[in-house]
Amino acid sequence: MAILNILLYPDARLHKVAEPVKVFDESLKRLVSDMAQTMYAAPGIGLAASQVDVHKQVIVVDVSERRDSLVVLVNPEILDASGNSDIEEGCLSVPGIYHTIERAERLKVRAFDRNGNAFTLESQGLLAVCIQHEMDHLRGKVFIEHLSQLKRQRIRARIAKQLRQSA
Ligand code: NI
């Protein structure tokens with residue numbers, strides 16, 4: 001296992017659209033293990049392959065307090081979404097920035113596990129929001145891109161300032 005390098009906004013590679021996984025082989029299993037280890041080490045509650053510069057439709061999520069409920073979604077598709085949620089979100093690719101985004105409260109997805117077995121998952125609340133956030137990454141969208149142009153400009157200015165201070 002290995003800890004992978006997480007791309008930081010505004011890295012243009014975060015805007016690549018991920019391809020569906022076609023082959024469920026050892027390299028996919030290694031990617032999933034490395035992504036899980038990277039997410040736990042960060043620590044974070046979700047990570048999309050796009051964030052580690054692998055442009056395949058793979059997501060890992062764990063919203064449990066005990067960090068023992070890993071959810072792996074390969075080629076996830078939304079079957080149903082309902083309700084409104086407004087949980088504050090953060091992102092390992094946008095450190096230090098937290099914002100509330102309008103999301104569905106309940107979500108039903110179809111996906112494959114790392115072995116290629118299809119399953120459906122029903123979720124709500126934080127898990128549902130986290131899955132929507134990670135699925136956005138697979139489409140090349142970072143959560144702050146749901147915000148207005150003005151708010152995004154302010155965030156970009158803050159990030160630039162943080163970078164200058166840490167340089
Ligand atoms: Ni994120």
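Are His133 and His137 buried or exposed? Both are buried, with buried meaning under 20% relative accessible area, exposed over 50% and partly exposed in between (1.4 Å probe, protein chains only). You're looking at a predicted model, where local features need pLDDT of at least 70, side-chain atom pairs count only at pLDDT 80 or more, and totals for chains, interfaces and linings use all residues. Residues are numbered from 1 along each chain as its sequence is written, and side-chain values use heavy atoms, leaving out hydrogens and water.

**The overall build**
- The protein has three helices and seven strands; these are DSSP runs numbered from the N terminus (helices H or I, at least four residues; strands E, at least two).
- Start at the N terminus and the elements go α-β-β-β-β-β-β-β-α-α.
- Its C-alpha trace spans about 45 × 35 × 30 Å along the principal axes.
- Buried residues make up 43% of the 167 residues.

**The nickel site**
- Cys91 (SG), His133 (NE2) and His137 (NE2) coordinate the nickel ion at 2.1 to 2.2 Å.
- Donors here are N, O and S atoms within 2.8 Å of the metal (3.2 Å for Na, K and Ca), and since water is not among the atoms, sites may look incomplete.
- Along the sequence, the spacing of the donor residues reads C-x41-H-x3-H.
- His133 and His137 sit four residues apart in helix H2, so about one helical turn separates them.

**The cores**
- The largest nonpolar core has 16 residues, and Ile59, Val61, Leu73, Val109, Leu121 and Ile131 touch the most other members.
- A nonpolar core is a set of buried Ala, Val, Leu, Ile, Met, Phe, Trp, Tyr and Cys residues joined through side-chain atoms within 4.5 Å.
- Strands E2 (58-61), E3 (71-82) and E6 (106-112) and helix H2 (125-138) each give two or more residues to this core, and H2 gives the most, with six.
- Take Ile131: leaving aside neighbours within four places in sequence, Ile131 is in contact (heavy atoms within 4.5 Å) with Val61, Leu73, Leu107, Val109, Leu121 and Ser123.
- There's also a second, separate core of 14 residues, including Leu28, Leu47, Ala49 and Val52.

**The aromatic pair**
- The structure holds one aromatic pair: Phe24 and Phe112, tilted, at 5.8 Å centre to centre with 50 degrees between the planes.
- Rings of Phe, Tyr and Trp (its six-membered ring) pair if their centres lie within 6.5 Å; planes under 30 degrees apart count as stacked, over 60 as edge-to-face and the rest as tilted.
- Phe24 is in the segment before helix H1 (26-41) and Phe112 is in strand E6, 88 residues apart.
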